[in-house]
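Reader: Hi! Could you walk me through this one? I'd like to chat about pockets first, then a few residues.

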Amino acid sequence: MRFLDADAVRAALPMPRAVEVARATFEALAAGIVEQPARRWIQLEQPRLLAGLMPCGVGGDTPVYTVKLVTLVPENVDRGLPSINGIVTLFDGVTGVPSAVLDGGAITAIRTAAVSGLATDLLAAPGAGDLAIIGAGVQGRAHLEAMAAVRTLRRVRVWNRTRPRAEALAEWGRGLGYDVTVVDDIADATRGADLVCVCTNSHEALVHADHIDDGTHLNAVGAFTSTTRELGADLIAGARVVVDDREAAMDEAGDILMAIHDGAIGADHVSADLTELVAGGPPPRREGEVTVFKSVGVSAEDAFAAAAAAG
């Protein structure tokens, strides 16, 4: 059995390839060859820890079975450790023999941003390239790579609650050749941007409608429980909203569920999920339309990313 650590996963799955793997994931979902039960969570308060179990089976010509075990500990940031850790175990879909174990934190980071890249390619204006990143952690970095994989970036502005982390992301991004600056206010990052990636662990809405220019596309990936959100109900209400998976979103996407609870939208406000868009093609953008891609993550994304990384 092979083991791929984080560096091996990143080397095997560069972001442009990961975006194509994400497209293949949703093509397989559209074809009906994927079985992905809802993930199960265990939450401990002392110590504070959230653990998830995410199984997935993929049929077709190259069947595989995967299980991801993942933990989320927000306080790890203060310890100098990743907040998301885990493993993905890959099994041969015919024999059931385990063939590889992969670093789950790296798989999660890459596949989450790659799916946002796919959504951006389907939904954002072709000429979009002024990027705002809200949240300078692992996903902030991965989303810079994902946006650069699908659009030509002219400018990048970064906001984070603590400026040193934003400065670290900016320095890293400049090293890749991008024009990255740090700002101290969310609105200073988002106004004038036509791409916005919100990648925080906030429990309360940070980005509202008056922060966003007409014609902007947003990816929101940080909140993945029913009681947390990054986007205000006013922003959700005024946007065309697409999710990665309808069933998962209506169970876990607090940005949407809390907007419904607030009375800002109805339960039918979500216009499509990625499976529908990949199968039927993206809708034409209306003049000045704001689009939001809300991601909570599903196990098929892990399965396809792990299989691609393991080769």
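**Pocket, helix and cysteines**

Author: Happy to! The second largest pocket holds about 270 Å³ of space. Keep in mind that this is a predicted model.

Reader: Which residues are closest to the centre of that second largest pocket?

Author: Gln-36, Pro-37, Ala-38, Asp-245 and Ala-248 are the closest to its centre, out of 13 residues that line the second largest pocket.

Reader: And which helix gives the largest share of the lining?

Author: That's helix H8, residues 246–252, with four residues in the lining of the second largest pocket.

Reader: How does the lining split by class?

Author: There are five nonpolar, five charged and three polar residues in the lining of the second largest pocket.

Reader: Switching topic: where does Met-258 lie?

Author: Met-258 is part of helix H9, which covers residues 254–261.

Reader: What is Met-258 in contact with, leaving aside neighbours within four places in sequence?

Author: Met-258 contacts Ser-226, Thr-227, Thr-228 and Arg-229. As for Ala-233, its C-alpha is 7.4 Å from that of Met-258, with the two residues 25 apart in sequence.

Reader: Nice. Now cysteines: how many disulfides does a search of the whole structure find?

Author: Zero disulfides turn up in the whole structure. Take Cys-197: the nearest cysteine sulfur belongs to Cys-199 and is 5.4 Å away, and Cys-197 is in no disulfide. The cut-off for a disulfide is sulfur atoms within 2.5 Å.

Reader: Is Cys-197 buried or exposed?

Author: Cys-197 is buried, because its relative accessible area is 0%.

Reader: Why does Cys-56 count the way it does for accessibility?

Author: Cys-56 has 1% relative accessibility, so Cys-56 counts as buried; the cut-off for buried is under 20%.

Methods. Residues are numbered from 1 along each chain as its sequence is written. This is a predicted model: local features need pLDDT of at least 70, side-chain atom pairs count only at pLDDT 80 or more; totals for chains, interfaces and linings use all residues. Side-chain values use heavy atoms; hydrogens and water are left out. On a 1 Å grid over the protein atoms alone, a cavity is a set of points where a 1.4 Å probe fits but cannot get out, and a pocket is an open set with protein on both sides within 12 Å along at least five of seven lines; lining residues have an atom within 4 Å of a point. Grid points are joined across faces, edges and corners, and a volume is the space filled by probe spheres set on the points. Helices (H or I, at least four residues) and strands (E, at least two) are DSSP runs, numbered from the N terminus. Ala, Val, Leu, Ile, Met, Phe, Trp, Tyr, Cys and Pro count as nonpolar, Asp, Glu, Lys and Arg as charged, and the others, Gly among them, as polar. Contact means heavy atoms within 4.5 Å. Buried means under 20% relative accessible area, exposed over 50%, partly exposed in between (1.4 Å probe, protein chains only).
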